[in-house]
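What follows is a short walk through a predicted model.

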Amino acid sequence: MSEQVLSELVSSPFFGIALSVAAFSIGVWIQKKTGLVICNPLIIAIVLVSGVLLLFKIPYESYNEGGSIINMFLAPATSCLAVSVYTRVELLKRNWLPILAGCVAGSLTSMGSVFLLCRLFGLDEAMTYSLLPKSVTTPIAVGIAESHGGISSITVAAVILTGIMGSILAPFLIRIFRVKDAMTAGLAIGACSHAVGTSKAIEIGETEGAMSGLAIGICGIVTVVFAMFL
């Protein structure tokens with residue numbers, strides 16, 4: 001009886017949702033307690049969810065019944081960043097050309113470096129197109145990868161890893177390179193590490209968060225255009 005109840009519980013979409021929320025909440029708590037940048041809530045959540053699934057031998061498909069529901073809100077959540085962009089609309093009007101040029105340069109550098117490294121290490125086209133859109137938000141990245149024969153699961157993993165690394169390293173890189181301009185810092189974070197990095201940019205400052213959110217949209221469009229010619 002208990003096994004039947006457990007099976008029904010695990011197969012419910014609420015299981016995946018509850019596990020994801022609980023794991024991320026624990027990650028946030030650990031980061032606040034330790035104050036360590038490496039204790040990123042997303043990294044901790046991934047480890048905890050993976051550990052629970054492996055420990056109790058729960059199929060990923062069962063977890064994903066609820067996980068896919070959370071994923072459905074990813075695009076609307078990203079679009080909400082437009083609110084912070086709107087608060088800095090005057091700054092955007094005054095600096096539209098450098099903002100556009102910076103986003104184009106960031107997208108071109110990201111895709112160009114991935115393309116050259118994939119060729120250098122002899123990766124096939126499927127793997128190359130899976131990794132190319134690593135620096136844009138997940139819905140756009142998956143769409144680009146699938147339309148070019150890439151593997152969506154690898155793309156998602158690459159996007160998450162890129163975002164986490166950007167979130168962790170952004171504050172250090174800003175200090176190392178002595179970036180004083182808030183707009184420049186925000187655009188750099190958004191162009192390199194999409195929504196996950198933007199969450200860190202919002203913590204750094206309001207202008208940084210707004211510009212990072214803007215960079216997500218511009219770089220997403222630019223990456224789609226660049227991918228057509230590769």
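A145 is buried, because its relative accessible area is 0%, and the limit for that term is under 20%. The residue is found in helix 10, which covers residues 138-147. Leaving aside residues up to four places away in sequence, A145 touches Y129, S130, P133, G150 and T155. A further distance places A145 relative to M127: the two are 18 residues apart in sequence, and their C-alpha atoms are 9.2 Å apart in space.

Helix 13 runs over residues 206-227 and has 22 residues. From its first C-alpha to its last it reaches 31 Å, close to the 32 Å expected at 1.5 Å a residue. Of these 22 residues, 16 are buried, so helix 13 is largely enclosed by the rest of the structure.

The next topic is the largest nonpolar core, which has 14 residues. Those that touch the most other members are I99, C103, M183, L187, M211, L214 and I218. At least two residues of this core come from each of helix 8 (96-120), helix 12 (182-204) and helix 13. Helix 13 provides the largest share, 7 residues.

M183, one of the core residues listed above, has contacts with L91, N95, I99, T207 and M211 when residues up to four places away in sequence are not counted.

How values were computed: Residues numbered from 1 in each chain as written. Predicted model: local features only at pLDDT ≥ 70, side-chain atom pairs only at ≥ 80, totals over all residues. Heavy atoms only, no water. Helix = DSSP H or I, 4+ residues; strand = E, 2+ residues; numbered from the N terminus. Expected span 1.5 Å × (residues − 1). Buried < 20%, exposed > 50% of the residue type's maximum accessible area, 1.4 Å probe, protein only. Core = buried A, V, L, I, M, F, W, Y, C linked by side-chain atoms within 4.5 Å. Contact = heavy atoms within 4.5 Å.
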